Amino acid sequence: MDAIADTSFLIDWARYSRRDLIYSLFELIHVPETVLAEVQSEATLTWIVDGLIGRRMALFTETEDVIAEARRITSLSRALPMRSIDLPEAVCLAAGMRHGYMVLTENGGAAMAPAFIDVLRDVRVARAIDVLYMLAQNGLIDLREEVARYQAETGHRFARRDLTRIGLMDHG
């Protein structure tokens, strides 16, 4: 399975010491040019370049049809009762829809989009918590240990509802 990642996901995931485990889930992670243009962190750029050199990542060049679809998604998101989606995240969603890529994001609007925008209903979206859960389901990590490591190393705090959803907290 291939994935496509937005800026928020790449920045956080690049801070994680076991970041290369992601390659055991995805054959290739596509990085849109619009996303790459947003990345300013040296650590994130280094990880992306290493991924490109190792052919684990690929640059995704947006075509006119993908850009048009992304603009439509951005417009639809602003008309709905959800967090709006900016163009780089919308490019990921449009590419996910057209090519069947799993969309990797930490953007709340992009994560919610398949539930609110009908044309995106079949797009699979995963946040870091979901990727960690998939790694655990494949027997590659201890979920509790890695969630703690990820939060400590990245400074990203997972929401209680997400921890409950993956079974690390009780409902209540």
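**A parallel sheet and its helices**

In this predicted model, five strands make up an open sheet, arranged in the order 3-2-1-4-5, and their pairing is parallel. Strand 3 (57-60) and strand 5 (125-126) are the edge strands, since each pairs on one side only. Strands of a sheet pair through backbone hydrogen bonds, in either a parallel or an antiparallel way.

Strand 1 (residues 2-5) runs parallel to strand 2 (residues 28-32), and three bridges join the two. Ala3 stands opposite Ile29 in strand 2. Helix 1 (residues 7-14) packs on the sheet, where it touches strand 1, strand 2, strand 3 and strand 4 (102-104). The direction of helix 1 makes about 100° with that of strand 1. Helix 3 (residues 42-53) lies across strand 2 and strand 3, and it runs at about 100° to strand 3.

Helix 4 (residues 64-78) can be checked for length. Its 15 residues, at 1.5 Å a residue, should span 21 Å, and the C-alpha atoms at its ends are 21 Å apart, so the two values agree.

Which residues of helix 4 are buried? They are Val66, Ile67, Glu69, Ala70, Ile73, Thr74 and Ser77. Seen down the axis of helix 4, the buried residues fall within an arc of 160°, and therefore they line one face of the helix. An α-helix has 3.6 residues a turn, so residues three or four places apart point the same way. Strand 3 and helix 5 (87-99) are among the elements that cover the buried residues of helix 4. The face turned away from this buried side carries the exposed residues Glu64 and Arg71.

How values were computed. Residues are numbered from 1 along each chain as its sequence is written. This is a predicted model: local features need pLDDT of at least 70, side-chain atom pairs count only at pLDDT 80 or more; totals for chains, interfaces and linings use all residues. Side-chain values use heavy atoms; hydrogens and water are left out. Two strands pair if DSSP finds at least two bridges between them. Helices (H or I, at least four residues) and strands (E, at least two) are DSSP runs, numbered from the N terminus. Contact means heavy atoms within 4.5 Å. Axes are lines fitted to C-alpha atoms, for helices over the stretch in contact, and angles run from 0 to 180 degrees between N-to-C directions. The expected span of a helix is 1.5 Å times one less than its number of residues. Buried means under 20% relative accessible area, exposed over 50%, partly exposed in between (1.4 Å probe, protein chains only). The arc is that of the directions from the helix axis to the C-beta atoms.
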